[in-house]
Amino acid sequence: MALARVARSSLRRSGGGIGCYSRERDIFCGGVSAERSALPHLENVKANGNSLYVPGTSKVDYSSFWSRGVKSTPHYQSPLTERTVEETESGPDEPRYTGLEATKPGEKPRVVVLGSGWAACRFLKGLDTRIYDVVCISPRNHMVFTPLLASTCVGTLEFRSVAEPVSQIQSALATEPNSYFYLASCTSIDTNKHEVYCETVSNGVLPREPHRFKVAYDKLVIAAGAVPLTFGIKGVKENAHFLREVNHAQEIRRKLLLNLMLSVNPGVSEEEKKRLLHCVIIGGGPTGVEFSGELSDFIMKDVQERFTHVKDYIKVTLIEANEILSSFDVGLRQYATNHLTRAGVQLMRGIVKEVHPKEIILTDGTVVPYGLLVWSTGVGPSEFVKSLHLPKSPGGRVGVDEWLRVPSVEDVFALGDCSGFLEQTGRPVLPALAQVAERQGKYLVELFNKIGKQDGGKAFSAKNIPFGEPFVYRHLGSMASVGGYKALVDLRQSKDAKGISLAGFPSFLIWRSAYLTRVVSWRNRFYVAMNWATTLVFGRDNSRIGTN
């Protein structure tokens, strides 16, 4: 029985769960079925012996496509050429995916959630598993408590303190017979068949690599998160560190400690010491400012005591195109600027033109050498989200209506950083904030529980069920730590509104108390409190674990 690589038989007019390769955008994308198929014309599919292949495909690096929920996994050829099926005597079969088939009458409806970020986990936490079976698909098995992620880079907190296993957020994923967590990436969605297509790379553990499967759904929740924006600047992906995942924080910590230890070695020139110990942060938002504050604390307290030979060489520079913390009150911005300057952080205004392995070049020609570069300039839609043939909101997110439904398709919802209100709703696209994602997750799970109790959980069964009040977001305020036991608290509901604004040590106590209570589990709250206490008494851990 011969093996053959075949183009998927969804060339029929109705389309199907497909993939496409676009040379113009130089990306691979997994698509969604539509009225018009996105497959290339048959003339572009050439026969070669017993195989069919699509010319022009090439290896693409997707290592940077991580998001807060789902990332696009690497593809070395189009799925049209990768899916290998057995060819019977009567001809090649249609590519077959193993996996979960559609639910049968009498079984609980199945909700499939793509992602494990703030929105997805808040939804999972509140879902009534007496009504639904739930399947969560994500390339990571935990939620990251992002507001405290910067603290892990310098050892203020340990990494496990900010990672919450998904199976502990929703225990049904580990205990219920028809509920599962799958460590995989979704590559495409067929909204006509109510199926998602996934793949996972198991590093050789499974016999076929990558391993592909499908999951049928009654209701689909897309909470795929977002990826860091690089604005197409040359060299950013190759040389900069991002700060959105636990592995990002681990890489930053290893790099920082490696540079500190290398700079002590004999024979290292003065100029090279200054470069190695120059930490540059691009982006003056809350993440960039908080990381700058954590670094300044680490330098003033720990480096001064444990790296005395090079303590005078280490420097932190924060580069921002406009003003830092632009969404905060003017008085708070000025307070942050003054405090960071006193703490030794150099504030520069500029726009990055190019990034090289040891230096960055600004648009005005300024050359800034660095040893550690952290990029924090906001987020945008992932390649997976871009590839979906669904309505899009301004900015390229998945478009939703007032009830977080995706129009024009049945039983598909989107929330979190990957979604945004469509223009016709008359609502602005909400910022990519944890509190936005959490509030959307809370709203949607209450809606699901309500329609489930009215027998609307099955596919195509919620058409005549009133959804009730639409989602309304009310901003609760913003907080940011600036180091030195100081923080900012801005309780205004919008940038132009009036409200309470606080800064200093009292704000720092509010900041810590608020985030300690927002940590998902009591276990992690205990970890965070103990880490803060041990850091205060014994200082930060400067052990460098790992060889990368």
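A residue counts as buried under 20% relative accessible area, exposed over 50% and partly exposed in between, with a 1.4 Å probe and protein chains only as cover. This is a predicted model, where local features need pLDDT of at least 70, side-chain atom pairs count only at pLDDT 80 or more, and totals for chains, interfaces and linings use all residues. Residues are numbered from 1 along each chain as its sequence is written, and side-chain values use heavy atoms, without hydrogens or water.

Start with helix α2, residues 118-126. Helices (H or I, at least four residues) and strands (E, at least two) are DSSP runs, numbered from the N terminus. The buried residues of α2 are Trp-118, Ala-119, Ala-120, Cys-121, Phe-123 and Leu-124. What covers them? Contact here means heavy atoms within 4.5 Å. The cover includes β9 (110-114), β10 (133-138) and α12 (434-453).

Phe-123 is buried because its relative accessible area is 0%. Now look at the rings. Rings of Phe, Tyr and Trp (its six-membered ring) pair if their centres lie within 6.5 Å; planes under 30 degrees apart are stacked, over 60 edge-to-face, and the rest tilted. The count comes to 13 aromatic pairs. Phe-123 and Phe-448 make an edge-to-face pair, 5.1 Å centre to centre with 90° between the planes. This pair links distant parts of the chain: Phe-123 sits in α2 and Phe-448 in α12, 325 residues apart. Phe-448 is also buried, at 0% relative accessibility. Phe-448 pairs with Tyr-132 too; the centres are 6.1 Å apart and the planes at 45°, so this pair is tilted. Tyr-132 lies in the loop between α2 and β10, 316 residues from Phe-448.

Next, the cysteines. A disulfide is a pair of cysteine sulfur atoms within 2.5 Å. The structure holds zero disulfides. For Cys-136, the nearest cysteine sulfur is that of Cys-121, 6.6 Å away. Cys-136 is buried, with a relative accessible area of 0%. The sulfur of Cys-186 is 4.8 Å from that of Cys-198, its closest cysteine sulfur, so the gap is too far for a bond.

Tyr-485, Phe-505, Leu-509, Leu-536, Val-537 and Phe-538 make a nonpolar patch of about 640 Å². Patches take residues with over 30% relative accessible area and no salt bridge, joining like charges within 9 Å and nonpolar side chains (Val, Leu, Ile, Met, Phe, Trp, Tyr) within 5 Å. A salt bridge is a side-chain nitrogen of Lys or Arg within 4 Å of a carboxyl oxygen of Asp or Glu. Accessible areas come from the Shrake-Rupley method with a 1.4 Å probe; for residues, only the protein chains shown count as cover. Helix α14 gives the most to this patch, with three residues. Leu-536 lies in α14 and is exposed, at 59% relative accessible area.
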